[in-house]
Amino acid sequence: MCGIVGYTGFKPAAPILLQGLARLEYRGYDSAGLALLRSGQPILTIKKAGKIHCLVSAVQEARISPVFTSGLGHTRWATHGLPVDKNAHPHSDCRNQLAVVHNGIIENYRALKRRLRSQGHVFKSDTDSEVLAHLLEQGLRRKGWVGAVRWALAQVQGTYSVVMGYGGEPEKLIGAKSGGGALVVGLGRGENFLASDIPALLSHTRRFFYLQDGELAVVSPSSTRVLRLSNGRSVTKRPLEVDWSVQQAEKEGYAHFMLKEILEQPRALKRTLAGRLDPKTGEVKLEGPFWSSAFLRRFRNITLLGMGTSAYAGMIGRDLLEKYLRVPAQLENASEFRYRKPPIGKDSLVIVLSQSGETVDTLVALREAKAQGATIIAICNAMGSSATREADGVLLTHAGPEIGVASTKAFTAQLGALWFLTLYLARLRRTIPPGLLLQKGRALGHVPRLMQKVLRQRHHVARLARKYAVFHNFLFLGRGIQYPIALEAALKLKEISYIHAEGYPAGEMKHGPIALIDRRMPVVAMALRSSTAHEKMLNNLMEVRARSGRLIALVEKGDREARRLAEDTLELPPVEEDLGPFVSILPLQLFAYEVARRKGCEIDQPRHLAKSVTVE
Ligand code: M6R
């Protein structure tokens, strides 16, 4: 959940590290630090509680010499120890001869710390990570730099993604990984990089490889070498070339990444569908042996797995797959999956959804499903991430880097991939008549234009946000395929504006939540006319009004009846029921954004959250 950057080359390291950290700030933002290395100089470490700008100021004040051309940096999401200067990374040993940045949790740190203390080591922080610096110090007494790293990591239990630098060999950074989130090696000319995520390095290179669990990378300006941690054997890596641009990782004039990403959704969805769906004919295609395998014609049940927003996209995917393939499908919160004993096996298709492809709960569930013999498809935004490497088939969503902690464009891109996959499988299994299949494909191809129309309502949404930002509780109601949208809209509001919000199936309202309704509890209802349960939804609206509830309804343009019932409305263009989620979520993302903005919240970096949850 923390962010890591390492640089070794010929340029001053500090600006490169600070820029990388700023791009990784979405991963953790309670404190940050960097360590700079140079032959014959003591390691220079600067660390500060607070956001990256606090570190930037401290670095500016320190007037660092440009001779430091190697270094490592970290932005922290606290697990062990308060977010104060001393707990910020990098951590060092007793002699300040090395520096360590760590993402993950060292589970046996108490025992290691006790032992190291009894051997005379003095600890300066409350973190679990610092034990690693002292273990390395011990290792260095008997072994070389690489040997010391392997020796130290062999004693650590838990998860880690680490970058380490040693004053004795300042140009040779070492990265290693075992759980603890992604670690990529970025390849340059006369310079090389390490980072938790690709966007951190996009200004410098587009060539990367990912470290796998159990691997160690020795990175110097002119070479990168990968070894297995267990036996020291060399591993060959094939670099991948990403098509993400630097602009995609920047705000480009928008006040927040979240706003940029909300408004970018029509384009992102087009990218998801490009080359897979012909929007004119409605034809769908997927290339590669996996996509024509016999298994895809014969699997008997489907499980979708994800967390947070990805899980809500999965709920919609479940409904689509079940409806059009006539195969039992279930959505499981990935963190709960292994606590049950779901009857899956060789006949099961498991679809894993993850923007980052690094969410630990989702990866654990993926592995569990794999161990039970299921075939895995990963729907993922991050090329080369763990989920994509471990799955049998991969559908990249191509939404471009998503930086805002609140997921927006990744969600609609996941819906696009799920829709597309449903049509593809329905064609393969002949569960939809060919004419209808093409018609559905064309309708899907038309969605980016509909989304564009809906996003034009931004100013109307902002007016509503002004009116409703004063409330402390919200209910979101939806039926059928709009129920996951109620959940997702409630999640958006709570995570960035800290307003309590709940999503419910509208039918559940009379079973309890209706007791909450009064003048201080706005209810947001998805009341699109295309919904098969439209009449029932109208009844729900009346019930809310009868109890003096404040009602905001999402209605289809021209639906006078729904309009009459609601205090305020958000109008959507007519859209067929199954495609409704693509458009209904947009004004609600904007609503959450505008409410948070009015409340002065930290929209792109909401408190306590991190973009990628890599610890359980
Ligand atoms: O990277 P993933 O899609 O696996 O992340 C899953 C959740 O952590 C993520 O969707 C989270 O709920 C977001 N903060 C939602 O906006």
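Start with glutamine 482, which sits in the loop between β21 (473–478) and α16 (483–497). The model on screen is a predicted one. Glutamine 482 has a relative accessible area of 5%, so it is buried. Show its side chain together with that of serine 584: the two make a polar contact at 2.7 Å.

**Asparagine 108**

Next, select asparagine 108, in the loop between β6 (98–106) and α3 (109–118). With a relative accessible area of 14%, asparagine 108 is buried, because the limit for that class is under 20%. Display the backbone of glutamine 155 and glutamine 157 as well. The side chain of asparagine 108 reaches the backbone oxygen of glutamine 155 at 2.9 Å. That side chain also reaches the backbone nitrogen of glutamine 157, at 2.9 Å.

**Alanine 387**

Move to helix α12 (residues 386–390) and pick alanine 387. Is alanine 387 buried or exposed? Its relative accessible area is 2%, so alanine 387 is buried.

**Backbone geometry**

The following stops concern the backbone. Most residues other than glycine have a negative phi, and most peptide bonds are trans.

Select histidine 89 and proline 90. The peptide bond that joins histidine 89 to proline 90 is cis, with omega near 0°. Proline 90 is in the loop between β4 (70–76) and β5 (91–92).

Then go to histidine 398, in the loop between β20 (393–396) and α13 (409–429). Histidine 398 is not a glycine, yet its phi is positive, near 55°. Its relative accessible area is 31%, so histidine 398 counts as partly exposed.

Look for serine 548 in the loop between α17 (534–546) and β24. Serine 548 is partly exposed, with a relative accessible area of 37%.

**Salt bridges**

Side chains of opposite charge can pair when their charged atoms come close. How many salt bridges does a search of the whole structure find? The search finds 28.

Begin with aspartate 126 and lysine 86, whose side chains meet in a salt bridge at 3.3 Å, N to O. Aspartate 126 lies in the loop between α3 and α4 (130–142) and lysine 86 in the loop between β4 and β5, so this pair ties together parts that are 40 residues apart in sequence. Proline 90, visited above, is also in the loop between β4 and β5. Aspartate 126 is partly exposed at 36% relative accessibility, and lysine 86 is partly exposed with a relative accessible area of 41%.

Continue to glutamate 252 and lysine 260. Their closest N and O atoms are 3.4 Å apart, and the two residues form a salt bridge. Are the two partners buried or partly exposed? Glutamate 252 is partly exposed, with a relative accessible area of 48%, whereas lysine 260 is buried, at 5%.

Arginine 318 and aspartate 319 come next. They form a salt bridge, with the closest N and O atoms 3.0 Å apart. Arginine 318 has a relative accessible area of 21% and is partly exposed. Aspartate 319, at 22% relative accessibility, counts as partly exposed too.

**A positive surface patch**

Finish on the surface. Select Lys270, Arg449, Lys453, Arg456 and Lys557, which form a positive surface patch. To place one of them, look at lysine 557: it is in the loop between β24 (550–556) and α18 (560–565). Why does lysine 557 count as exposed? Its relative accessibility is 54%, and exposed means over 50%, so lysine 557 falls in that class.

Conventions: Residues are numbered from 1 along each chain as its sequence is written. This is a predicted model: local features need pLDDT of at least 70, side-chain atom pairs count only at pLDDT 80 or more; totals for chains, interfaces and linings use all residues. Side-chain values use heavy atoms; hydrogens and water are left out. Patches are made of residues with over 30% relative accessible area and no salt bridge: like charges are joined within 9 Å, nonpolar side chains (Val, Leu, Ile, Met, Phe, Trp, Tyr) within 5 Å. Accessible areas come from the Shrake-Rupley method with a 1.4 Å probe; for residues, only the protein chains shown count as cover. A salt bridge is a side-chain nitrogen of Lys or Arg within 4 Å of a carboxyl oxygen of Asp or Glu. Lys and Arg count as positive and Asp and Glu as negative; His and the chain ends are not counted. The place of a charge is taken as NZ of Lys, CZ of Arg, CG of Asp or CD of Glu. Helices (H or I, at least four residues) and strands (E, at least two) are DSSP runs, numbered from the N terminus. Buried means under 20% relative accessible area, exposed over 50%, partly exposed in between (1.4 Å probe, protein chains only). A polar contact is a pair of N or O atoms within 3.5 Å; within protein, one must be able to donate a hydrogen and the other to accept it, and residues adjacent in sequence count only if both atoms are side-chain atoms.
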